[in-house]
Amino acid sequence: MSGVMKRMGMIFRAKANKALDRAEDPRETLDYSYQKQLELLQKVRRGVADVATSRKRLELQLNQLQGQSAKLEDQGRKALALGREDLAREALSRRAALQQQVTDLETQHQTLQGEEEKLTLAAQRLQAKVDAFRTRKETIKATYTAAQAQTRIGEAFSGISEEMGDVGMAIQRAEDKTAQMQARAGAIDELLASGALDDQSGMAKDDIAAELDRISGGTDVELELQRMKAELAGGSPQQAIEGGNQEQGRQSQAQNKFDKQ
């Protein structure tokens, strides 16, 4: 059972692969790959935009903290000038806490700026690859289309394409049927001529009847010929007819002997 299942699986995969290969269009595959690359490029660009947005937010926070630090320093100076050393010390303490936040934000800002530069460079490289792929894709598609057209033209000229093959088979069948009908018609004519087939219409004649008709027609011609000879020789038409009748009697006796035989 294990061997049978493996064999069935191999047959199924082979047939599925053949069906997929027949259904696959390289141009559609290239367009799909190009679309996926554009989507990836769009994601990279969104990543660059997100990092740039975060960097800009940090810059705003840094500017705000630096403004507060400068303000606290100015307040400390004024408090010290007024003899309020305690206020000046508090202001400087708050300024020191803000400076620590500024330092942390500057570190994050530098990190984000580095990430932004890397993503920007990656997006530029990916853009170049996508552009190169698009050019190659269009070239391959044009070449494939031209090759497909040449193949179809060649198949049409050679008659091996499916459409032309159907036309050729139809022509061959028509020629075969025509030849068969011609042969059948010729065979029927030969059989009718030989008398092997009876004419149901009653119009056909056997050999004896045909011979009698021929003799009768020939007799009429002989009688007319005798009459014309008599007229040219100065005899009477009646004598020519009687002579023709005697000749007809002799031919009838000869035919009777032929029938008895």
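**Figure 1. Overview of the chain.** From the N terminus on, the elements run α-α-α-α-α-α. The model is predicted. The chain holds six helices and zero strands. Its mean pLDDT is 76, and 67% of the residues reach 70 or more. Among the elements, H2 has the highest mean pLDDT, 87, while helix H6 (residues 237-260) has the lowest, 53. Of the 261 residues in the chain, 14% count as buried. Among contacts with a separation of 6 or more, 74% are between residues 24 or more positions apart.

**Figure 2. The largest nonpolar core.** Seven residues make up this core: Leu58, Leu62, Leu65, Leu72, Leu98, Val102 and Leu105. Helix H2 (26-81) and helix H3 (85-158) each supply at least two residues of the core. The most comes from H2, which gives four residues. One member, valine 102, is in contact with Leu62, Leu65 and Gln66, when its neighbours within four places in sequence are left aside. A second, separate core has six residues, including Leu41, Val44, Ala123 and Leu126.

**Figure 3. The salt bridge between aspartate 31 and lysine 137.** The side chains of aspartate 31 and lysine 137 meet in a salt bridge, with an N to O distance of 3.2 Å. This pair links distant parts of the chain, as aspartate 31 lies in helix H2 and lysine 137 in helix H3, 106 residues apart. Aspartate 31 has a relative accessible area of 31% and is partly exposed. Lysine 137 counts as buried, at 4% relative accessibility.

**Figure 4. The aromatic pair of tyrosine 34 and phenylalanine 133.** The count of aromatic pairs comes to one. Tyrosine 34 and phenylalanine 133 form this pair, which is stacked, with 6.4 Å centre to centre and 15° between the planes. Planes under 30 degrees apart count as stacked, which is why the pair with its angle of 15° is described in this way. The pair links distant parts of the chain: tyrosine 34 is in helix H2 and phenylalanine 133 in helix H3, 99 residues apart. Tyrosine 34 is buried, with a relative accessible area of 14%. Phenylalanine 133, at 22% relative accessibility, counts as partly exposed. Lysine 137 lies over the face of tyrosine 34, at 5.0 Å from the ring centre. Lysine 137 also takes part in the salt bridge with aspartate 31.

**Figure 5. The salt bridge between glutamate 59 and arginine 55.** Side chains of opposite charge can pair when their charged atoms come close. In the salt bridge of glutamate 59 with arginine 55, the closest N and O atoms are 2.7 Å apart. Both residues lie in helix H2, four residues apart, about one turn of the helix. Arginine 55 is buried, with a relative accessible area of 18%.

Figure 6. The structure holds 14 salt bridges. In one of them the side chains of aspartate 86 and arginine 84 meet, at 3.4 Å, N to O. Aspartate 86 counts as partly exposed at 43% relative accessibility. Arginine 84 is also partly exposed, at 39% relative accessibility. Elsewhere, salt bridges that share partners join Asp31, Lys137, Glu138 and Lys141 into one network.

**Figure 7. Glutamate 90 and alanine 79.** Glutamate 90 lies in helix H3. Glutamate 90 and alanine 79 are eleven residues apart along the chain, and their C-alpha atoms are separated by 9.9 Å.

Notes
Residues numbered from 1 in each chain as written. Predicted model: local features only at pLDDT ≥ 70, side-chain atom pairs only at ≥ 80, totals over all residues. Heavy atoms only, no water. Core = buried A, V, L, I, M, F, W, Y, C linked by side-chain atoms within 4.5 Å. Buried < 20%, exposed > 50% of the residue type's maximum accessible area, 1.4 Å probe, protein only. Contact = heavy atoms within 4.5 Å. Salt bridge = Lys/Arg side-chain N within 4 Å of Asp/Glu carboxyl O. Phe/Tyr/Trp six-rings, centres within 6.5 Å; stacked < 30°, edge-to-face > 60°. Lys NZ or Arg CZ within 6 Å of the ring centre and 35° of its normal. pLDDT = per-residue confidence, 0-100.
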